[in-house]
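Please open the model in your viewer and keep the selection tool at hand.

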Amino acid sequence: NKLYDNGASYLAQGLRENISLRKLNLEHNYITANGALKLCNALKVNHTLNELVLHGNVIGNVGCNYVSEALRVNTTLLALDLGDNDIDLNAVNSLSSALKINNTLEALNLAGNNADTYNLLHYYLAASLRKTAASN
């Protein structure tokens with residue numbers, strides 16, 4: 001069964017009130033930026049989810065920007081899989097800025113997106129970590 005954006009919207013409603021779910025795997029469910037928006041709005045208020053897998057969907061740059069917004073305020077997500085989501089360099093700046101603010105995310109998968117995106121994000125993260133270490 002595929003969830004598509006409608007299913008993601010229903011799950012987002014549940015995530016807003018969730019007090020027990022720690023991992024949510026939505027791999028290969030044809031979720032677009034619209035579904036990502038609903039899920040990310042829920043992530044902003046969810047305090048229990050530790051791992052979100054969105055691998056193999058089609059959230060694109062717009063959906064990645066929604067994820068970035070959520071990462072700026074979410075304090076519980078430890079692992080995020082955005083692999084194979086049609087994300088390119090246009091979304092890297094927003095994501096890297098969010099990761100400079102977010103202190104809890106430990107694992108991020110971007111494999112299968114544009115190779116330049118993957119490499120540039122690692123460059124941004126390394127530079128960000130160097131700045132953080134230098135200021136401490």
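The stops below begin with the overall fold and end with a pair of serines.

**The whole chain.** This is a predicted model. Display it as a cartoon: the protein has 5 helices and 4 strands, and along the sequence these follow the pattern α-β-α-β-α-β-α-β-α. Of the 136 residues, 42% are buried. Among contacts with a separation of 6 or more, 86% join residues 24 or more positions apart.

**The largest nonpolar core.** Next, select Leu 39, Leu 52, Leu 71, Leu 77, Leu 80 and Leu 82. Within a core of 29 residues, these leucines touch the most other members. Now colour helices H1 (4-17), H2 (33-43), H3 (60-73) and H4 (89-101); each of them supplies at least two residues of this core. The largest share, 5 residues, comes from H2.

**Leu 77.** Centre the view on Leu 77 and show its surroundings. Neighbours within four places in sequence aside, Leu 77 is in contact with Leu 43, Leu 49, Asn 50, Glu 51, Leu 52, Leu 71, Thr 104 and Leu 105.

**Helix H2.** Select H2 and pick out its buried residues: Ala 33, Gly 35, Ala 36, Leu 39, Cys 40, Ala 42 and Leu 43. Why might several of them lie three or four places apart in a helix? An α-helix has 3.6 residues a turn, so residues at that spacing point the same way. The cover over the buried residues of H2 includes H1, strand S2 (51-53) and H3.

Is each buried or exposed? Cys 40 counts as buried, at 2% relative accessibility, and Cys 64 is buried as well, at 0%. A disulfide is a covalent bond between the sulfur atoms of two cysteines. Here the closest cysteine sulfur to that of Cys 40 is in Cys 64, 9.0 Å away, and therefore too far for a bond. The count for the model comes to 0 disulfides.

**Ser 68.** Finally, move to Ser 68 in helix H3. Ser 68 is buried, with a relative accessible area of 0%. Which side chain does its own side chain meet in a polar contact? The partner is the side chain of Ser 94, at 3.2 Å.

Technical notes
Residues are numbered from 1 along each chain as its sequence is written. This is a predicted model: local features need pLDDT of at least 70, side-chain atom pairs count only at pLDDT 80 or more; totals for chains, interfaces and linings use all residues. Side-chain values use heavy atoms; hydrogens and water are left out. A nonpolar core is a set of buried Ala, Val, Leu, Ile, Met, Phe, Trp, Tyr and Cys residues joined through side-chain atoms within 4.5 Å. Buried means under 20% relative accessible area, exposed over 50%, partly exposed in between (1.4 Å probe, protein chains only). Contact means heavy atoms within 4.5 Å. A disulfide is a pair of cysteine sulfur atoms within 2.5 Å. A polar contact is a pair of N or O atoms within 3.5 Å; within protein, one must be able to donate a hydrogen and the other to accept it, and residues adjacent in sequence count only if both atoms are side-chain atoms.
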